[in-house]
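Please look over the sequence and the model below before reading on. The briefing that follows takes up the strand pairing and then the ligand site.

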Amino acid sequence: MGHYFINDESLTHNYKTINFHYKNRDFKFTTDSGVFSKNHVDEGTTILLNNLPELRGKVLDLGCGYGCIGISLKMTNDIDLTMADINERALELAALNCKNNGLNNISIIQSDGFSNISDKFDFIILNPPIRAGKKTIFKLYEDSYQHLNKHGKFIFVINKKHGAESSIEKVNEIFNDYEILYKKKGWYVISCELV
Ligand SMILES: C[S@@+](CC[C@H](N)C(=O)[O-])C[C@H]1O[C@@H](n2cnc3c(N)ncnc32)[C@H](O)[C@@H]1O
C-alpha cells in the first residue's frame, strides 16, 4: 500500500466528493486515492478545527492534504492563508478545493517541511503525518518554532496511541511550555507559543 505522503503519479485516480460541516457552513471537498483520509474529514482534523482559538494574521496549514483545515479556517476567519504539503496530488486537490469554495489568492506551496517556506507566521496548524515517523514529525515541530512571529502559536492535534506523550515532551523542550486546548478519549490539541 502506498503512503499518503509519497508522490506516486502511477496511482489510479479515484476522485470523491465528501461533505464537511464546520461553524454553520457546508463544505464540499474533492479527494482522491493517495491522499490522507479520502473518505471523510479525519476525526483528529475535526477535533483540531473545533478547538482552535480565533485566528488572525498569517496562518500556515502545514501538511494541508486536500485542504480541509486551511479552507475551513479561511472561510471562517479573517486570515492570510498559506497551505503546504510534500504530496503533489494533495496540493492539486487543495488548489481545486480552494477554487470550488470560491477562494482565490491562496498561497499553495510544495514543500518537504519548511524546505520551500521562508516566511514566518502568526499561527501554524498541523495534523501531523504520523506514518512519516517521529523523526519527520519532530523536525516539523522544531522548524515550526523557527517560523513563528513573536507571540505566534503552533497548534497541533495528536492521539495518545500515536505518541501524544512523546510529542508533548518534545514541544515542551522546544517551546519551554505548552497549553492543552483539548483532552478527551486519547485526543490532545496542544498549543505552543513563541514568547
Ligand atoms: C495527517 S495528514 C493531514 C492532512 C490534512 N491536513 C488533514 O487534516 O486532512 C498529514 C499531511 O502531511 C503531509 N506530509 C507528510 N510529510 C510531510 C513533510 N515532510 N512535509 C510536508 N508535509 C508532509 C502528508 O502528505 C499529509 O497530507
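**Strand pairing and ligand site**

Leu126 has Phe156 of β7 as its bridge partner, in a predicted model where local features need pLDDT of at least 70, side-chain atom pairs count only at pLDDT 80 or more, and totals for chains, interfaces and linings use all residues. Residues are numbered from 1 along each chain as its sequence is written, and side-chain values use heavy atoms, with hydrogens and water left out. Helices (H or I, at least four residues) and strands (E, at least two) are DSSP runs numbered from the N terminus, and two strands are said to pair if DSSP finds at least two bridges between them.

**Around β6**

- Strand β6, which spans residues 121–126, is mostly covered, with 6 of its 6 residues buried (under 20% relative accessible area, with a 1.4 Å probe and protein chains only).
- Strand β3 (residues 57–62) pairs with β6 in the parallel sense over 4 bridges, and within β6 it is Leu126 that stands opposite Leu62.
- Strand β7 (residues 148–159) also pairs with β6 in the parallel sense, here over 5 bridges.
- Together with helix α4 (residues 134–146), β6 and β7 make a right-handed β-α-β unit, where right-handed means that, with the strands pointing away from the viewer, the path from the first strand over the helix to the second runs clockwise.

**Around β9**

- Strand β9 (residues 187–193) is mostly covered, since 6 of its 7 residues are buried.
- The pairing of β7 with β9 is antiparallel and runs over 7 bridges, with Asn159 standing opposite Trp187 in β9.
- Strand β8 (residues 179–184) pairs with β9 in the antiparallel sense over 5 bridges, and Lys183 has Tyr188 of β9 as its bridge partner.
- The hairpin of β8 and β9 has 2 residues between the strands, and in it Lys185 takes a positive phi near 45°.

**Ligand site**

- There are 19 residues around the ligand, of which Thr45, Gly63, Asp85, Asp112 and Gly113 come nearest (a residue is near if one of its heavy atoms lies within 4 Å).
- By class, this shell has 9 nonpolar, 8 polar and 2 charged residues.
- A polar side-chain atom of Asp85 lies 2.6 Å from an oxygen atom of the ligand, while a backbone N or O atom of Gly113 lies 2.7 Å from a ligand nitrogen atom.
- Taken alone, the ligand exposes 590 Å², and the protein buries 98% of that (Shrake-Rupley method, 1.4 Å probe).

Note on methods: Polar contact = N/O pair within 3.5 Å; in protein donor to acceptor, adjacent residues only side chain to side chain. Nonpolar A, V, L, I, M, F, W, Y, C, P; charged D, E, K, R; others polar. Buried < 20%, exposed > 50% of the residue type's maximum accessible area, 1.4 Å probe, protein only.
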